[in-house]
Amino acid sequence: MTLAAQGIDTGDTAWLLAATALVLLMTPGLALFYGGMVRTKSVLNMLMMSFVSIALVTIVWLAAGYSLAFGDDAFGGLIGGLDHLGMNDLGPASVHGTVPTLLFATFQLTFAVITAALISGAIADRAKFGAWLVFVPVWALLVYVPVAHWVWGPGGWILDDLGALDFAGGLPVEVTSGASGLALCLVLGPRLGFKKDAMRPHNLPMVMLGAGLLWFGWFGFNAGSALGANGLAAAAFLNTLAAGCTGLLGWLFVEQKRDGHPTTLGAASGAVAGLVAITPSCGSVSLLGALVIGLAAGVVCSYAVGWKFRLNYDDSLDVVGVHLVGGIIGTVLIGVFAVESMTGGAEGLLHGGGFGQLGKQLVAVVAVGAYAFLVTYGIGKLIDKVLGFRADEDHEHTGLDLTVHAETAYDHGVLGHGAPVGASLASSAPSSQKAKA
Amino acid sequence: MKLITAIVKPYRLDAVKTALQESGVHGLTVSEASGYGRQRGHTEVYRGAEYQVDLVPKVRIEVIVEDADADAVIETIVKAAHTGKIGDGKVWALPVETVVRVRTGERGPDAL
């Protein structure tokens with residue numbers, strides 16, 4: 001992504017415009033995926049945590065994030081410069097490779113958006129909404145932006161110095177969100193009733209719809225990362241499809257063997273696990289590699305989601321089990337399955353490249369995971385001290401939909417669920433409605 | 001008069017309703033219910049975590065009939081709700097002191 005300016009190519013630009021819209025759609029898709037997995041009383045809060053991330057991260061990215069991530073390196077491959085604060089100096093004529101810089105910046109912005117939103121799954125049902133509003137911009141600047149610079153920024157130490165590979169964001173998106181999710185759920189502590197009460201997903205069709213939208217958007221995420229309408233985009237696209245499929249089947253296979261039933265939540269989760277794992281590797285491995293990586297993620301992640309019950313951390317919607325574990329699998333296995341025809345150089349263990357690439361991938365995963373975990377833990381603790389991050393106990397019992405947003409998602413039964421019995425419109429309606437009444 | 005309450009499997013509701021109509025019962029009340037008997041509940045699995053769901057969905061059917069009809073009505077409900085499988089439900093009867101039709105103020109068997 002450090003191509004010299006070559007002038008705008010309309011085909012590349014058209015594809016990246018579409019890909020950017022696809023990636024943005026993933027966040028509302030994630031909202032549905034997560035929203036269906038929580039209980040009825042907090043589905044709106046879950047949706048809101050994703051939606052508000054779109055707004056918050058966009059503002060932060062345009063103000064400073066883009067410059068610090070993709071501006072010229074300012075300090076040892078660790079952070080970019082301040083030249084493009086507020087998108088300064090960038091206009092319709094600015095070019096990044098063969099696409100407009102403003103489009104490249106927007107494409108990258110959609111990655112930052114969904115990464116922040118992903119973390120919310122680890123703290124479902126129990127975070128103060130106000131604390132989340134503070135957390136997201138601070139986290140985006142202190143965690144996402146530096147890691148994006150390390151990996152993709154001009155002069156970033158992971159790709160440019162170390163030589164690790166990450167095509168579409170296994171490190172900045174998947175490992176970062178997973179490690180940050182783990183840190184934040186440790187700061188907040190488990191949901192009331194964790195391991196005692198059944199906290200079943202309230203709407204699995206919503207989960208399936210969300211997973212479908214995620215998968216659809218993932219083509220923009222991965223194939224868009226080629227930054228051009230070309231053969232590499234096509235290969236990444238096909239790898240994305242293949243890994244999602246083997247991830248889905250791998251997870252179902254484990255469920256059938258272990259639990260006796262292939263579940264819808266398993267199918268959705270397996271597809272996402274496969275897609276997570278192929279994200280870093282889709283531009284480095286052959287189709288065979290993609291099939292194996294997806295399968296490995298589907299199988300391993302389906303076991304990993306059980307860790308929270310054994311180790312006593314409440315990662316509510318399995319951000320760690322799916323994104324951290326899947327991201328590690330995909331990033332590390334590049335060192336095994338990388339092929340020269342895709343990477344244009346590096347080759348993995350299986351193709352005679354030795355252990356060198358594998359070692360680089362491991363260093364990158366450990367560095368990014370540790371950084372994201374530690375800094376997020378610090379931000380979380382600080383917010384918890386100053387504002388309180390955990391919702392009040394009775395708010396959590398009642399549900400955050402009603403207590404935070406004054407709404408309920410569903411109107412159940414003849415008495416209505418949201419309004420007190422006998423409540424009438426008149427007492428609270430705007431005057432225009434009163435007049436009509 | 002007797003209040004007959006039946007807790008049955010939701011999918012048997014139509015059969016019970018039809019049988020009661022054919023046997024001349026004029027009105028009934030149906031509500032959603034949940035509970036368990038000897039069969040306890042069932043198990044659901046989400047991402048490998050098993051949840052024991054004790055309370056199984058049921059419907060509660062209530063009819064008030066004259067004393068003389070009570071046994072026949074109970075028999076009708078039991079026949080219509082019967083599947084022979086676990087969880088078919090229960091039917092019971094209680095004495096009713098008064099019934100008033102709200103619209104007309106009629107009392108007793110006239111209000112049925």
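Contact here means heavy atoms within 4.5 Å. This is a predicted model in which local features need pLDDT of at least 70 and side-chain atom pairs count only at pLDDT 80 or more, while totals for chains, interfaces and linings use all residues. Residues are numbered from 1 along each chain as its sequence is written, chains are lettered from A and ligands numbered from 1 in the order in which they are written, and side-chain values use heavy atoms, with hydrogens and water left out.

**View 1. The interface of chain B and chain A.** Eight residues from chain B and 20 residues from chain A take part in the contact. Tyr46(B), Arg47(B) and Tyr51(B) provide 67% of the area that chain B buries against chain A, more than any other three residues. The area buried between the two chains is about 1,100 Å², and carbon and sulfur atoms give 62% of this. Buried area is the accessible area (1.4 Å probe) that two parts lose on being put together, summed over both.

**View 2. Polar contacts and the chain B side of the interface.** Four residue pairs, both at pLDDT 80 or more, are in polar contact across the interface of chain B and chain A. A polar contact is a pair of N or O atoms within 3.5 Å; within protein, one must be able to donate a hydrogen and the other to accept it, and residues adjacent in sequence count only if both atoms are side-chain atoms. On the side of chain B that touches chain A, strand E3 (42–46) and E4 of chain B are the elements that give two or more residues. Strands (E, at least two residues) and helices (H or I, at least four) are DSSP runs, numbered from the N terminus. The residues of this side of chain B comprise five nonpolar, one polar and two charged. Ala, Val, Leu, Ile, Met, Phe, Trp, Tyr, Cys and Pro count as nonpolar, Asp, Glu, Lys and Arg as charged, and the others, Gly among them, as polar.

View 3. Tyr51(B) is located in strand E4 (residues 49–53) of chain B. Tyr51(B) is buried, at a relative accessible area of 16%; buried means under 20%, exposed over 50%, and partly exposed in between (1.4 Å probe, protein chains only). Not counting residues up to four places away in sequence, Tyr51(B) touches Asp197(A), Ala198(A), Met199(A) and Arg200(A), together with His42(B), Thr43(B), Glu44(B) and Tyr46(B). An unreviewed UniProt entry lists Tyr51(B) under "modified residue: O-UMP-tyrosine". UniProt positions are given in the numbering used here, feature names are shortened, and annotations may be inferred rather than shown by experiment.

**View 4. Salt bridges within chain A.** The whole structure has 12 salt bridges over all chains, each a side-chain nitrogen of Lys or Arg within 4 Å of a carboxyl oxygen of Asp or Glu. Arg39(A) pairs with Asp125(A) in a salt bridge, with the closest N and O atoms 2.8 Å apart. Arg39(A) lies in the loop between helix H1 (10–37) and helix H2 (43–70), and Asp125(A) in the loop between helix H3 (101–119) and helix H4 (129–152), so the pair ties together parts of chain A that are 86 residues apart in sequence. Arg39(A) is buried at 16% relative accessibility, and Asp125(A) is buried at 5%.
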